[in-house]
Amino acid sequence: MRSRIVVLAAALVAATVVPASTATAAPADADAALDRALGKLVTTEGGPPGVIVLVQRGDDLQVHRAGVAELATDVVIDADAHLRVASVAKAFSGATALSLVQQGVLSLDDTIAERLPTLPKAWGKVTLEQLLHHTSGLPDFITSESAQAALAESLTVPPPPSQLLDFVADEPLGFEPGSEYKYSNSDNIAVGLMVEAATGKPYADVLREQVYEPLALTNTSLPVGVEMPEPYVHGYDVSATPPEDVTQVIAAGWSWASGGIVSTAADLNRFARGYVGGKLFSGKTRDAQLDLIKGHSEPTGPGKNTAGLAIFRYKTKCGTVYGHTGNTPGYTQFIAASNDGSRSVTFSVTTQVRQDLGAPFPQLRKAEELAVCAALA
């Protein structure tokens, strides 16, 4: 089990207003189709024990559920129960950095050499914009052999954030910065460190000031260890027999600004609406964020994916949304909203699902698209 969790941990670590003619289903029909898909998802081999989906159309908030919050009970998942957001935390670090760009505290042209001079000189010309776009070329720290060995030895006690990139400090850039797209957990670790360097404050404090408080996220936090606030949704490794509870196996500090946040479905919905809807920054900063390039989130989100700055566009059969996905042992996440924030969806399941793990990834993507269809109906 220990080796399997270490491998899974390597994966630690979108929105235009849609015309009425594009959303073909009535809201009630779209909601019913989503409910059917969720029921199939939790009964599919390899499927999650539980799923909760929040769909909001204007002021109309609908909560869709299937399965249970904990296998030992028959309790369904509550919208205010805590869960790990995985790489959706990258959207939070992007929100923090871009808010500081809007305020003039950071610039998208700031480089690693300028803000983080103790990092390798070979990385020096990488900019904040490239980090947020995943075009930096930084090697992914969590997939390195040294990080995997350290993780295996210390799952519950992580190194401090300032040491996370030490695992790949001797590695060169994978490509010329800005020349291609490659998703890397190292990018958002560097973003968090830039935030600290620019403000002189711990990243968690700046995250609270720039994101939690403006968007009224009262149940969101960035823990260091394995602790989970009560109540929480249990996450499972369903490849084990019986499924193994992995909720508190890996410390959040191992992914930090790249994937360590704990939140709730309700808070994630508020975040998606505010982040995509322009409540945290606007104007040239938002225009830069939506400068899209070829790339996809991890795991791939519904429809056709393209990448912005700490955000992804998802063009589906029912219309276009912007947001982020994430996966970590025990959890898979998808959040998105229309570009004015008026239509939103959050989709949380209680096992790790991604394309290279096989079933039920196709079923998950289909259900995510139906959730988008319901939001845009």
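Residues are numbered from 1 along each chain as its sequence is written, and side-chain values use heavy atoms, with hydrogens and water left out. Because the model is predicted, local features need pLDDT of at least 70 and side-chain atom pairs count only at pLDDT 80 or more, while totals for chains, interfaces and linings use all residues.

**Exercise 1. Determine what span helix 7 (residues 185–199) should have, and whether the helix is enclosed or open.**

Step 1. Helices (H or I, at least four residues) and strands (E, at least two) are DSSP runs, numbered from the N terminus. The expected span of a helix is 1.5 Å times one less than its number of residues.

Step 2. The 15 residues of helix 7 should therefore span 21 Å, and the end C-alpha atoms are 22 Å apart, which agrees.

Step 3. A residue is buried under 20% relative accessible area, exposed over 50% and partly exposed in between (1.4 Å probe, protein chains only). Eleven of the 15 residues of helix 7 are buried, so this helix is largely enclosed by the rest of the structure. The buried residues include Asn 185, Ile 189 and Val 195.

Step 4. Among the elements that cover these buried residues are helix 3 (89–103) and helix 8 (203–212).

Step 5. At the start of helix 7, a side-chain oxygen of Ser 184 comes within 3.2 Å of the backbone nitrogen of Ser 186. Just after the helix, Gly 200 has a positive phi of about 75 degrees.

**Exercise 2. Identify the strands with which strand 1 (residues 50–57) pairs.**

Step 1. Two strands pair if DSSP finds at least two bridges between them.

Step 2. Strand 1 is joined by eight bridges to strand 2 (residues 60–67), and the two run antiparallel. Ile 52 has Arg 65 as its bridge partner in strand 2. Two residues lie between the strands of this hairpin, where Gly 58 takes a positive phi near 65 degrees.

Step 3. Strand 1 also pairs with strand 12 (residues 343–349), in the antiparallel sense, over seven bridges. Here the bridge partner of Val 53 is Phe 347.

Step 4. Gly 50, Ile 52, Leu 54 and Gln 56 point one way from strand 1, Val 51, Val 53, Val 55 and Arg 57 point the other way, and all are buried. Strand 1 is therefore largely enclosed by the rest of the structure.

**Exercise 3. Locate the disulfide and state its handedness.**

Step 1. A disulfide is a pair of cysteine sulfur atoms within 2.5 Å. The structure holds one, which joins Cys 318 to Cys 373 with an S to S distance of 2.0 Å.

Step 2. The torsion about the S-S bond is about 85 degrees, so the disulfide is right-handed.

Step 3. Cys 318 lies in the loop between strand 9 (312–316) and strand 10 (319–328), and Cys 373 lies in helix 12 (residues 361–376), so the pair ties together parts that are 55 residues apart in sequence. Both cysteines are buried.

Notes: Contact means heavy atoms within 4.5 Å. A polar contact is a pair of N or O atoms within 3.5 Å; within protein, one must be able to donate a hydrogen and the other to accept it, and residues adjacent in sequence count only if both atoms are side-chain atoms.
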